Amino acid sequence: IEKFKGRYLHSRDYKDAQDFTDKRVIVIGIGNSGLDLAVEISHTAKQVFLSTRRGAWIFNRVGDQGYPIDVILTTRMRMFLHNLLSPSMVNGFMEKQLNARFNHSHYGLKPKH
């Protein structure tokens, strides 16, 4: 970072997307803060890159029926099926559901785990 000539900051120091108008930005980290900043900055920046050490599954915050995703994923029926089915079957189903929104492989986000 000592050799980097551009500006850098931690997400806790972020104030406004206008500071990044017409800039090329890289957001390092794919946690909630990083994703939120990448989306917000993308409205004003020329280009935004998201850097992650390894792939990650991206969940939408809102499910297909408009309910928050955590409400959808914690129903008794889902928990029953989760306990009934093998982990590989559950993972395969979830991967199919997540790739229905966008194919993680196309964006280099498909995790190996």
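Colleague: Why do you say that the side chains of Glu 95 and Lys 110 meet in a salt bridge?

Modeller: A salt bridge is a side-chain nitrogen of Lys or Arg within 4 Å of a carboxyl oxygen of Asp or Glu. For Glu 95 and Lys 110 the N to O distance is 3.1 Å, so by that definition the pair counts. Bear in mind that this is a predicted model, where local features need pLDDT of at least 70, side-chain atom pairs count only at pLDDT 80 or more, and totals for chains, interfaces and linings use all residues. Residues are numbered from 1 along each chain as its sequence is written, and side-chain values use heavy atoms, with hydrogens and water left out.

Colleague: Which parts does that pair tie together?

Modeller: Glu 95 lies in helix H4 (residues 87-101) and Lys 110 in the segment after H4, so parts 15 residues apart in sequence are tied together. Helices here are DSSP runs (H or I, at least four residues), as are strands (E, at least two), numbered from the N terminus.

Colleague: What makes Glu 95 partly exposed?

Modeller: Buried means under 20% relative accessible area, exposed over 50%, and partly exposed in between (1.4 Å probe, protein chains only). Glu 95 has 27% relative accessibility, so it counts as partly exposed. Lys 110, at 40%, is partly exposed too.

Colleague: How do you know that Asp 36 forms a salt bridge with Arg 61?

Modeller: The closest N and O atoms of Asp 36 and Arg 61 are 2.7 Å apart, which is within the 4 Å cut-off. Asp 36 sits in helix H1 and Arg 61 in the loop between E2 and H2, 25 residues apart. Arg 61 is exposed, because its relative accessible area is 55%.

Colleague: Why is the pair of Phe 102 and Tyr 107 called edge-to-face?

Modeller: Rings of Phe, Tyr and Trp (its six-membered ring) pair if their centres lie within 6.5 Å; planes under 30 degrees apart count as stacked, over 60 as edge-to-face and the rest as tilted. For Phe 102 and Tyr 107 the centres are 5.4 Å apart and the planes at 80°, so the pair is edge-to-face.

Colleague: And what makes the pair of Tyr 14 and Phe 20 stacked?

Modeller: The planes of Tyr 14 and Phe 20 are at 15°, with 6.1 Å centre to centre. Both residues are buried.

Colleague: How do you know that the buried residues of H1 line one face of the helix?

Modeller: Those residues are Gly 34, Leu 37, Ala 38 and Ile 41. Seen down the axis of H1, they fall within an arc of 100° (taken from the directions from the helix axis to the C-beta atoms), so they line one face.
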